[in-house]
Amino acid sequence: MVAIHTYALDGTAPWQLLTTPGALQADLHGRMAAWALLFGLPSIALAAVL
């Protein structure tokens, strides 16, 4: 995860996720949705065009 900078730029924010109940799952789902929107949709569109 750090190699692709998913959590590398958060600084001390992961500690807030670990100490807040349920926050880790919500954070993970939010990051997966963001990756799908930023990279999934353009990849599908590009594959359709090609």
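Analyst: Helix α2 has 27 residues, which at 1.5 Å a residue should span 39 Å, and its end C-alpha atoms lie 38 Å apart, in agreement with that figure; the expected span is taken as 1.5 Å times one less than the number of residues. This is a predicted model, in which local features need pLDDT of at least 70 and side-chain atom pairs count only at pLDDT 80 or more, whereas totals for chains, interfaces and linings use all residues. Residues are numbered from 1 along each chain as its sequence is written, and side-chain values use heavy atoms, with hydrogens and water left out.

Helix α2 covers residues 23-49, and the protein as a whole has two helices and zero strands; helices here are DSSP runs of H or I with at least four residues, strands are runs of E with at least two, and both are numbered from the N terminus. A kink of about 35° is centred on Ala-36 in α2, where the bend at a residue is the angle between axes fitted to the seven residues ending there and the seven starting there.

Asp-27 also lies in helix α2, and its side chain meets that of Arg-31 in a salt bridge with an N to O distance of 2.8 Å, the term being used for a side-chain nitrogen of Lys or Arg within 4 Å of a carboxyl oxygen of Asp or Glu. By this rule the count is one salt bridge. Asp-27 and Arg-31 are separated by about one helical turn, because they are four residues apart in helix α2. An α-helix has 3.6 residues a turn, so residues three or four places apart point the same way. Asp-27 is buried, at a relative accessible area of 18%, where buried means under 20%, exposed over 50% and partly exposed in between, with a 1.4 Å probe and protein chains only. Buried residues make up 8% of the 50 residues in the protein.

Leu-24, in the same helix α2, counts as partly exposed at 43% relative accessibility. Together with Trp-15 and Leu-18, Leu-24 makes a nonpolar surface patch of about 360 Å²; such patches are made of residues with over 30% relative accessible area and no salt bridge, with nonpolar side chains (Val, Leu, Ile, Met, Phe, Trp, Tyr) joined within 5 Å and like charges within 9 Å.

Note on methods
Accessible areas come from the Shrake-Rupley method with a 1.4 Å probe; for residues, only the protein chains shown count as cover.
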